[in-house]
Amino acid sequence: MENDKGLIVVLSGFSGAGKGTIMKHLLQSHPNEYHLSISATTRKKRPGEQEGREYFFKSKEEFQKMIDNDELLEYATFNDRSYGTPKSYVEKLINEGKDVILEIEVQGALQVKEQFPEALLLFVTPPSAQILKERLVGRGTEAHDVIAQRMAISSKESYLMNNYDYLIINDVLEDSVNKVHNIIQCEHARTVRNNDSIKKMQEELKEYSKGE
Ligand code: ADP
Ligand code: 5GP
């Protein structure tokens, strides 16, 4: 039944906008409430990353096999690296009524919306381009030329922001975390997601009105 299902929440945004930081705080402040989908990728493991925690690290051949076997909900290839969302985990969670969050880029997000029109798409942006650049520099994970590349990619991505349901302007972190939580909770309250509760009330009231 539609309203017993969990939500698929897609969180995208410019590199350095604060997606990872928001997700970390959301999962900390609402433990057990949200589940993060772990993607498969052909990119190399970074220092500190663990197999099955940040990603499932795959060879190009293994990744292709996942595509051929229809094991991915969506995937995208850029900078000669592929990223994809394993389908079975997401389907299992939503069928159990659990909310699952996919932190993925725009191409993948649009594929999810096509397959699951009821998916909730959130886009994270900093308040300005200047702040985006400062956050990328401040994070200290990318070289100067890579930062310029990321800013150019962000410029292209900015034309797809209108395809998302909600915009999270990540200024004060705590406000952004609360906003993401509140949007998801509001989404659960939509009448289209609560057909069973509506039907139940209608049937109970019918019984009561018979007795009056
Ligand atoms: P993304 O996952 O979108 O690439 P990160 O979560 O890594 O971005 O954030 C990029 C940098 O910006 C990090 O150094 C992080 O600490 C910082 N940051 C994130 N959100 C905020 C915020 N609301 N205010 C100030 N700095 C932030
Ligand atoms: P990184 O290499 O920095 O971990 O991630 C690079 C980009 O890949 C980020 O924008 C991230 O959101 C995106 N990404 C991570 N997993 C997936 C996925 O499964 N599918 C898609 N389409 N993008 C992903």
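## The shell around ligand 2

Five nonpolar, four polar and five charged residues make up the shell around ligand 2, where Ala, Val, Leu, Ile, Met, Phe, Trp, Tyr, Cys and Pro count as nonpolar, Asp, Glu, Lys and Arg as charged, and the others, Gly among them, as polar. This is a predicted model, in which local features need pLDDT of at least 70, side-chain atom pairs count only at pLDDT 80 or more, and totals for chains, interfaces and linings use all residues.

In total, 14 residues surround ligand 2, each with a heavy atom within 4 Å of it. The closest are Ser39, Tyr55, Glu74, Tyr83 and Glu105. Strands β5 (72–78) and β6 (81–86) each supply at least two residues of this shell; strands here are DSSP runs of E with at least two residues, and helices are runs of H or I with at least four, numbered from the N terminus.

## Polar contacts of ligand 2

Now to the polar contacts (pairs of N or O atoms within 3.5 Å). The side chain of Tyr55 has an N or O atom 2.5 Å from an oxygen atom of ligand 2, and a polar side-chain atom of Glu105 lies 2.6 Å from a nitrogen atom of ligand 2. The protein buries 87% of the 510 Å² that ligand 2 exposes when taken alone (Shrake-Rupley method, 1.4 Å probe).

## Ligand 1

Around ligand 1 there are 13 residues, divided into three nonpolar, six polar and four charged. Helix α1 gives the largest share, three residues.

Polar backbone atoms of Gly16 and Lys19 each lie 2.8 Å from an oxygen atom of ligand 1. Side-chain values use heavy atoms, with hydrogens and water left out.

Technical notes
Residues are numbered from 1 along each chain as its sequence is written. Chains are lettered from A and ligands numbered from 1 in the order in which they are written. A polar contact is a pair of N or O atoms within 3.5 Å; within protein, one must be able to donate a hydrogen and the other to accept it, and residues adjacent in sequence count only if both atoms are side-chain atoms.
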